[in-house]
Amino acid sequence: MTNTRELALDILVDIDRNKNLSHLAINDTLSNYQYLEKKDRAFLSRLCRGTIENQIQIDYIINQFSKVKVNKCKPVIRAILRMGVYQLRFMDQVPDSAVCNEAVKLAKKRGFKNLTGFVNGVLRTIARSKDEIKWPDENKKPVQALSVAYSMPEWLVKEWLKEYGMDVTKSMLEAFLIAKPTTIRVQKSKGSKEELVQMLRDEGVTVTDGSYLKEACKISGYDYLEGMEAFEEGRFQVQDESSMLVGHLAAPEEGMTILDVCSAPGGKSLHVADKLSGTGRVIARDLTPYKVEMIEDNIERLGVTNMEAQVFDALDFDEEMEEKADIVLADLPCSGLGIIGRKGDIKYNVSPEKMKELSKLQRDILKVVVRYVKKGGILMYSTCTINKEENIKNAQWMCEELGMEMVAFDDLMPEKLSLDTAKEGYIQLLPGQCDCDGFFIAKLRRL
């Protein structure tokens, strides 16, 4: 019999030791263990994601009750303790005694028999003292208090407090920790939204409308995405509404040539290709054969005929494409701070230095790709982050340095999404303020 806690331990140790991305590590394991019962897969997923998402708070608790600090523990013991504290604090349906017993068994099984007393002692003390944890005082130490409460590195909390103030920062931090349904986009070339919704409900999936766009739905209560008939038939693409807004606000017209310079896995390109109703030409590029293969898989599954995928480095200039594109989609590599709610380890891997490097990379790419836009054509600049340096400052720089102007799109905004800056040609979507990922979108015209 497969032990789900043991699988979770392997995933967490792998992420800790090898810095593998958590969503990939979890998805790979779930893919390899499809035969597990739905409840076991859900437990495994929640245990891993929850432990990673709440790691700063978990470590704060362990350090209060353990003589050996978390970062001094061996990786396996560290992961066992973190998993244990997550279950004690956040999983009421698991009895405390079971959490402690299973942790001891895991330590023994992994060759740490001499440390079973330590693991047992720390976890049983925390189980007994859950109500006596000393939390930082929000009035005296607001940065530390928010960092521990929401498991967000202190430097990011500081940054957001400075940029957005206490109320908005708090609502973002809360939003990052709320489990959300999966958002999908209806592939209209494969059938109506009504047909898709019926098909999904017949498979026992819970379906509701998206928050802003008519082609969006939210789904939950399913077991394995790739196993759904509607998925196999290419009737939908997993895509957040923030990302769908790029294609919606680009407002492509039939027959246009559209170039997506950093496309994988191809969500935005596939969306605009569908909007073109099989006309025109959509070219989706990315840096590596692996990424381009992901795009090609989606093209094939969705049955898209007016789109092609190419391996191409966005930093290299392609003379053949100079001034050929009606629309260029530039969703560029970024710090990803807007999607922390879906990829919890982003917050631990990003740094101020990395953000500066990314901002420079974005500008280096923009200098190249702006030349593909026809005179009077459109460049949609987007990132899945919430940091001004990578967002509005880059859009303003394009206007100052690259012969672009921002184009108002308030007339295209969904009814339920009202943001004043759409009149100026850009929007910053913030988790907690909007019902979608954190995202930046600017629409620019080449002069």
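Accessible areas come from the Shrake-Rupley method with a 1.4 Å probe, and for residues only the protein chains shown count as cover. The model is predicted: local features need pLDDT of at least 70, side-chain atom pairs count only at pLDDT 80 or more, and totals for chains, interfaces and linings use all residues. Residues are numbered from 1 along each chain as its sequence is written, and side-chain values use heavy atoms, with hydrogens and water left out.

**View 1. Surface and charges of the protein chain.** The protein chain exposes about 20300 Å², of which carbon and sulfur atoms supply 48%. Its side chains include 63 positive and 69 negative ones, with the centres of the two sets 8 Å apart. Lys and Arg count as positive, Asp and Glu as negative; His and the chain ends are not counted. A charge is placed at NZ of Lys, CZ of Arg, CG of Asp or CD of Glu.

**View 2. Helix α1, residues 4-18.** Helices are DSSP runs of H or I with at least four residues, numbered from the N terminus. The end C-alpha atoms of α1 are 21 Å apart, which agrees with the 21 Å that its 15 residues should span at 1.5 Å a residue; the expected span is 1.5 Å times one less than the number of residues.

View 3. Because 11 of its 15 residues are buried, α1 is largely enclosed by the rest of the structure. Buried means under 20% relative accessible area (1.4 Å probe, protein chains only). Among the buried residues are Leu7, Leu9, Ile11 and Asp16. Their cover includes α2 (22-32), α3 (38-53), α5 (75-90) and α6 (96-109), contact being heavy atoms within 4.5 Å.

Key. Helix = DSSP H or I, 4+ residues; strand = E, 2+ residues; numbered from the N terminus. Buried < 20%, exposed > 50% of the residue type's maximum accessible area, 1.4 Å probe, protein only.
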